[in-house]
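Trainee: I have a new structure to read. Could you take me through its features, one by one?

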Amino acid sequence: MDSKTLRYIVKRIILAVVTLWAVITITFFVMKAVPGDPFASEKAVTPAAKAVLEAKYGLDKPLFEQYLNYLDGAVHFDFGPSLKQRGRMVTDIILDGMQTSAKLGLIALLIATVAGVLMGSTAALKRNSIFDRIIMVITTAFVSMPSFIMGTLLLMLFSITLHLVPANGAAQGGMILPVVTLALYPMSYITRLTRSSMLDVLGQDYIRTAKAKGVSQRGIILHHALKNSLAPVITYFGPELAYIVTGSLVVEQIFAVPGIGRAFVNSITGRDYTLIMGTTVVLASLIVIMNLVSDIMYKVVDPRINLE
Amino acid sequence: MTNLSASLTRRNFLRAFGASTAMVTLASCGGNSSSEPADGGEGTGDAAATGAQEISVCLATEPDTLDPALNSAVDGATMIVHLFAGLSKWEKDGEKYVIAPDCATELPEPVDNGDGTSTYTYTLRDGLKWSDGKDLTAKDFEFAMKRASSADLAADYAYLYEIVNGYSEDGSSEVNIQATDDKTLQITVDTVVPYWNELLAFPTFFPVREDVVSNEGWATDPSTYVSNGAYTMTGWDHNSVITVEKNANFYDADEITMDKINFYLSDDANNMLSNFQNGDWQLIDDVPTNEIASLKEQYPDEFVVAGQIGTYYVGWNVNVDILPASAGLSGVEAENARAEIRNAIGLLFDRNYIVEQIAQGGQVPASSFVSMGLTEPDGSEFYKNAGHNDGYVGYYDVSADALQSNYDKAVETLKKYYTFDEASGTFTDVPALTYLYNTSEGHKAIGEYLASAVGQVGITMNLENQEWNTFLNTRKAGDYTVARNGWLCDYNDPISMLDMWVTNSGNNDCQFGKGDHADVAAYSIDLTDLGYDTKVDGGTWADTYDVIIDTIKSESDNDKRFALMHKAEDLLMSTGAICPLYFYTDLYMISNKVKGFFSIPLGYKFFHYTTVEA
């Protein structure tokens, strides 16, 4: 790795840390500015009880001190106890949710990428064939359909009508529909991306040169076309991951998947401050890191890219 | 407690115990359903092989806690009554719901100590054990009750101990509860109340063991969860499913027919319905509001509307002036005028329409604040004795026939204060009102109806919705004019609804006796007919309402208590600040393969004695 790349990576890492700090700070103060508190319920908590709880969780300290305490904890990966789920630590709740969400997200990511690249390149190579057209129609449909509609349709068809898979994401086989729902959009997007990029590459001079030199069709596709046409797919990796992370919020809700997305949504409505911060930090880190990785990979795949 | 309504997923609990109220019964019989066998999800293989009974149900999402002292949700209470056994328990006796001894051999009457206090002495059954095999003693009850009522624990329901001698909100003293030996527990109370035995069946009064709860996270993991009830927790896959299995150490284990219960955790009514429809879950405690009508038709035997003790109402902020500037009234006169106006506006609403066309869940139109289901000492319904015997139940006639006369009466009253334009039949100078509700389709639909109803007479009512937690905050702070409100009772006694309106109550959303209203001397009470020397003419809210409630709380004579509670409700309703719309119901779906199920109007559901047909 040359020093320029190294410098770039270091710079990006510093930027990532600053980004995370900004996310933590903004979330912390916005969260505290929102009316309501974690101990609110229709039945009012007595002032004495509320005081005990606030003291217990350090919410009676000045806001800025709470912020500093939080930063201190977060640096050590100590997110504190959940304010709503008494007796549980935020880290445990997140790890619990992450196991499920990561499985869901990674499988969806894998399916979307592999299927997308395969279908996209096939469509490009067989341009204007029936196959190409069918793929384009289907992927257009999937790209334009929001995941909550897709999820609901799949649920009605495969779970309620056909009884093939359970509707509850936590049951055995229950992850199938959420994975498919989550994968369809990025898969379609990647298909279209790969197809146009591949078509672009196939029209390049060097492909013609390779052909002229007698390289086999297979060799051309694998060694020249595919690699070069993947650059946009790799740049899409960052947004794709962001989609999967945010999309899982919706999908986990529809299929009752016990993932981090649901924990996140519930923490906000319940004003579970520590859990809001914990999930925000984890999700934001994930997106920041993946964007970083995707940028670096972009450089690896296409050395012409000037990182500066 | 809470109010919740269809949209909130976690129902805050406690609903009052329903005692003898007639309620629709659940376990329906016969019929066929298209669903698949009961073993949903995972792990049912073994059970099926050995013929063991297993049921999968979904009440709500992940409970905040399953610590009996800390729990404040109905779904949590249902799980806890399976996992723990208190001194008493709920049972179904024919069509009635009764309290029976559980860990106690019997439920004795208290002994008067002659100093104003009374003592209950309970004897525990022989051979009581915890799920880990250790002996359960009266000391465990003493420890648990002292813990639950302590200021340090800051439990939502600690206040249920307020009638116990020595209870203090701030922890300055400890409740007078003593285990005199391993099997005897003495509880001394300041006031003898008719609902005491019901309180003992409430999770806040259940035993926990000191060494178990010394680990703060004990109630979040099956490996550290030690209980004493019919079931023991064998699995908790967070946000997914809580599994409980029959506890071999339970004293009454032979009577328990259901071997294993999977409490699936979901907060999505649509998802619950999908799982019910495909046969994976046999009971779901929530249904999508917009599907109610079709579900009722599609599943006549399996869609259940059960009684629930609570009232859905509209609350006014008494500190917001709704008089026109030209009225020129102030002080007591202005308050009396506002009360008249609020009461008149309450007459414009067609509660039958709300119940039948909007809520659609079998709710009952309400004409009083204290809910249907709360009973008098003689067993009659409190709400049927409310009001002034004007030829209808409650404070106004909510029958469909009275719609026109109510409307006319309302217009007549409003004309006294506002300018009426005869040509258009509308009032021209009523200040615009804003109706605040928490975000939900159901509340919105009701808000829209209310706005259209007052709109007919020219009153503008804008709608504003806020997300739940913000809404609670706004309403408590009194930053509103008119707001949706609701209340589910804590126990079968009207005081559980009436005491929320004392000046310093944390639930006094109408702001009675607060702000400007603190000085408004517009109220009168006369308790002399009941033998008290209390008579106030032209007193403030604190001089009157607060006094009645205090009197009720220190009165042990049940007939007098109820007479006082009617007086309190009369005073409350005279303000017009509470506009009841309907009494709540509990909607759920249960597969007709399930036999032996029952639920009580508090919302607790009992699976102990169920079986699921193959």
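**Reading the two chains**

Mentor: Along its sequence, chain A runs α-α-α-α-α-α-α-α-α-α-α-α. Helices (H or I, at least four residues) and strands (E, at least two) are DSSP runs, numbered from the N terminus. This is a predicted model: local features need pLDDT of at least 70, side-chain atom pairs count only at pLDDT 80 or more, and totals for chains, interfaces and linings use all residues. Residues are numbered from 1 along each chain as its sequence is written, chains are lettered from A and ligands numbered from 1 in the order in which they are written, and side-chain values use heavy atoms, with hydrogens and water left out.

Trainee: How many helices and strands does chain A have?

Mentor: Chain A has 12 helices and 0 strands. Its C-alpha trace spans about 85 × 60 × 30 Å along the principal axes.

Trainee: How many helices and strands are in chain B?

Mentor: Chain B has 15 helices and 25 strands. Its radius of gyration is 25 Å, close to the 25 Å that the globule rule gives for 614 residues, so chain B is as compact as a globular protein of that length. The radius is taken over C-alpha atoms, and the rule is 2.2 Å times the number of residues to the power 0.38. The C-alpha trace of chain B spans about 80 × 65 × 40 Å along its principal axes.

Trainee: Where do the charges sit?

Mentor: Lys and Arg count as positive, Asp and Glu as negative; His and the chain ends are not counted. Each charge is placed at NZ of Lys, CZ of Arg, CG of Asp or CD of Glu. Chain A has 27 positive and 19 negative side chains, with the centres of the two sets 10 Å apart. Chain B has 37 positive and 93 negative charges, and their mean positions are 1 Å apart.

Trainee: Which residues does Tyr236(A) contact?

Mentor: Contact means heavy atoms within 4.5 Å. Leaving aside neighbours within four places in sequence, Tyr236(A) is in contact with Tyr185(A), Pro186(A), Tyr189(A), Ile190(A) and Leu193(A). Tyr236(A) lies in helix 10 (residues 231-254) of chain A. It is buried, with a relative accessible area of 9%.

Trainee: Where is Trp487(B)?

Mentor: Trp487(B) is in strand 18 (residues 482-488) of chain B. It counts as buried, at 2% relative accessibility. Trp487(B) and Gly310(B) are 177 residues apart in sequence and 5.3 Å apart in space, C-alpha to C-alpha.

How values were computed:
Buried means under 20% relative accessible area, exposed over 50%, partly exposed in between (1.4 Å probe, protein chains only).
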